[in-house]
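Q: Please take a close look at one part of this model, the packing around a single helix. Then set that part in the context of the rest of the chain.

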Amino acid sequence: MSSTSTLFAHIAPWLTDRIEDVAVEALGYILSNSPAARKALAETLKREDIEFGPIDRVETWEPGSEGEIPDLVCFDDKGEKQVLIEAKFWADLTKNQPNQYLKQLLEDRQDGPAALLFVAPKARLDLLWPELCERAKGKFRLTNISNSGPVCSATIGSNSHHLQLTSWATLLEHMGNAACGVEDKVASADIRQLRGLTDRMDGDAYIPLHLEDLASVSAQQMLDVAQLVDDATNHAKEMGWVDTDGLSASSWETGYGRFIRIGGVETWFGIHFGAWALHCDTPLWLSYWKGYQEQLKQAELTPKKVKNEDRLYIPIPLSPGDQYNAVLNSLVNHLGELAQRFDSAVNKTLDRVDTDFYRVWRQQERGPEFAEKMLGVKKLIDGAANRATSQAEKDITRWANTDGLRRIVQARRTGYGRFIRLGGVKAWFGLHFEGWARHRDTPLWLTFEYNERPEQAKMNERVFEIDGKYCIPIKFPADAESEKAVDTVVASLKRIANHLVVSNS
């Protein structure tokens with residue numbers, strides 16, 4: 001089933017910010033009108049030890065006896081509740097989830113198979129399933145817990161009740177195949193429209209942060225890894241394995257890196273949050289233009305791909321350890337080995353690097369989940385900048401705009417950001433690892449050039465000087481879902497813009 005963009009996926013976010021509710025209504029409509037889709041849902045829920053009977057009717061927003069309201073309730077042919085469905089994108093679990101819904105299911109259907117099914121983006125499953133199980137264990141006895149396969153499942157109490165989790169892609173794929181199998185063209189078209197929306201939401205991942213994620217050690221470790229990129233590049237260049245003639249540093253939207261030639265093959269080397277989140281427990285990657293596929297094959301390298309990108313990626317392992325020189329030597333040595341793979345004439349000798357202690361890199365502390373969250377921060381930056389300029393266009397003061405400004409900051413190890421004018425003053429707004437590491441528990445900062453510095457006395461904002469620039473931290477609720485976080489950041493930007501207007505008047 002195709003997951004290409006659909007009209008529904010395009011227009012729904014323009015009409016409402018309650019996308020989860022839209023998806024629930026769409027799923028309810030499809031299940032209500034398509035027997036094939038309902039049969040596919042029952043097949044999706046099936047476990048080795050239990051089989052669900054026919055689903056006869058589906059209702060949305062059916063309240064329980066204590067006021068809890070599951071998104072969807074599926075009834076069997078006797079009119080009894082058989083399945084509760086809770087549809088999620090990136091909003092947190094409510095206080096009722098999953099325990100109050102499990103209680104409802106156990107009370108309303110004491111005999112026969114029953115399930116509470118959560119449906120969420122694929123990118124969220126690894127985080128959501130442990131949270132669901134942990135909450136349920138506080139009230140119920142869980143057995144046969146499984147997170148393997150397309151559907152995560154746990155038995156609640158007796159063998160006939162289950163807590164389950166699957167992705168939108170898995171559920172809609174099964175429903176779409178079933179509809180096609182009976183040539184139900186109307187249902188197939190409807191499912192494809194909904195799949196377009198859920199794929200878009202899966203790609204627009206924003207995983208809420210936690211307070212511990214905002215500790216400055218997170219930023220400092222990213223600065224350390226960025227320093228490794230520069231030092232490894234320079235040292236490998238001295239060894240003759242790498243050259244950078246005519247090439248530049250680059251702060252891609254997904255991280256920081258350097259363009260280099262390794263063994264004569266042009267590549268990008270650096271921190272890539274997208275590849276890190278998707279594929280492997282390392283922040284460091286080589287990225288190649290797809291035209292180099294044959295060279296990679298001859299070098300016996302198997303590239304990986306990143307969604308919505310046509311480049312090829314090779315992971316570069318980052319050794320654990322608390323001595324910078326040992327970690328750097330290992331990294332440089334790896335670059336040398338790759339250079340030899342591309343060009344057997346490369347002379348491979350490694351001398352030692354002497355430098356200072358640096359913070360221990362422990363992958364279990366900074367893994368793919370951290371990368372996903374940094375991608376979420378990048379989306380928060382884009383969302384807040386876009387919303388600020390959109391709102392300002394309707395305001396007579398036009399307090400924010402990006403007229404004539406570049407979208408992405410030039411090469412900086414400090415992070416990803418965007419240029420914006422606030423109150424007529426040019427600023428850079430984004431993820432600033434240096435400010436985050438030094439001063440405040442927030443990754444978001446505004447920075448001003450020296451000649452465009454805000455007048456601190458009139459601004460009524462605390463301003464830090466970092467590397468010759470004036471910087472203001474932008475706080476937001478760490479555990480908020482995307483919309484609330486964006487609203488909070490936009491409100492801060494507008495407040496600062498108004499202060500800047502006053503200070504310049």
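A: The secondary structure of the chain comes to 15 helices and 19 strands. Helices (H or I, at least four residues) and strands (E, at least two) are DSSP runs, numbered from the N terminus. This is a predicted model, in which local features need pLDDT of at least 70 and side-chain atom pairs count only at pLDDT 80 or more, while totals for chains, interfaces and linings use all residues. Residues are numbered from 1 along each chain as its sequence is written, and side-chain values use heavy atoms, with hydrogens and water left out.

Some totals come before the close look. Of the 505 residues of the chain, 52% count as buried (under 20% relative accessible area; exposed is over 50%, partly exposed in between; 1.4 Å probe, protein chains only). Take contacts between residues at least 6 apart in sequence: 61% of them join residues at least 24 apart. Contact means heavy atoms within 4.5 Å.

The helix in focus is H6, residues 168–181. Start with its packing against H2, residues 19–33. The two axes lie 12 Å apart, at an angle of about 25°. Axes are lines fitted to C-alpha atoms, for helices over the stretch in contact, and angles run from 0 to 180 degrees between N-to-C directions. H2 and H6 are therefore roughly parallel to each other. Angles under 35 degrees count as roughly parallel, over 145 as roughly antiparallel, 65 to 115 as roughly perpendicular and the rest as oblique. The crossing of H2 and H6 is left-handed: the near helix is turned anticlockwise from the far one by less than a right angle, whereas clockwise is right-handed.

H2 brings Ala23, Leu27, Ile30 and Leu31 to this contact. H6 meets them with Trp168, Leu171, Leu172 and Met175. The residues of this contact divide into 8 nonpolar, no polar and no charged. Here Ala, Val, Leu, Ile, Met, Phe, Trp, Tyr, Cys and Pro count as nonpolar, Asp, Glu, Lys and Arg as charged, and the others, Gly among them, as polar.

Now turn to H3, residues 35–45. Its axis and that of H6 come within 8 Å and cross at roughly 135°. That makes H3 oblique to H6. The crossing of H3 and H6 is right-handed. From H3, the contact takes in Ala36, Ala37, Ala40, Leu41 and Thr44. From H6, it takes in Leu171, His174, Met175, Ala178 and Ala179. The contact of H3 with H6 divides into 8 nonpolar, 2 polar and no charged residues.

Other parts of the chain follow. Ala371 sits in helix H12, residues 368–393. At 0% relative accessibility, Ala371 counts as buried. Leaving aside neighbours within four places in sequence, Ala371 is in contact with Phe273, Trp276 and Ala277. Ala371 and Asp281 are 90 residues apart in sequence, yet 9.8 Å apart in space, C-alpha to C-alpha.

Next, the strands. S12 (residues 284–288) and S13 pair in the antiparallel sense over 5 bridges. Two strands pair if DSSP finds at least two bridges between them. Tyr288 stands opposite Leu312 in S13. S13 (residues 312–316) is mostly covered, with 4 of its 5 residues buried.

Elsewhere, 6 strands form an open, antiparallel sheet in the order S14-S15-S16-S17-S19-S18. Its edge strands, S14 (400–401) and S18 (464–466), each pair on one side only. S18 and S19 (residues 469–473) pair over 3 bridges. There Glu465 stands opposite Tyr470 in S19.
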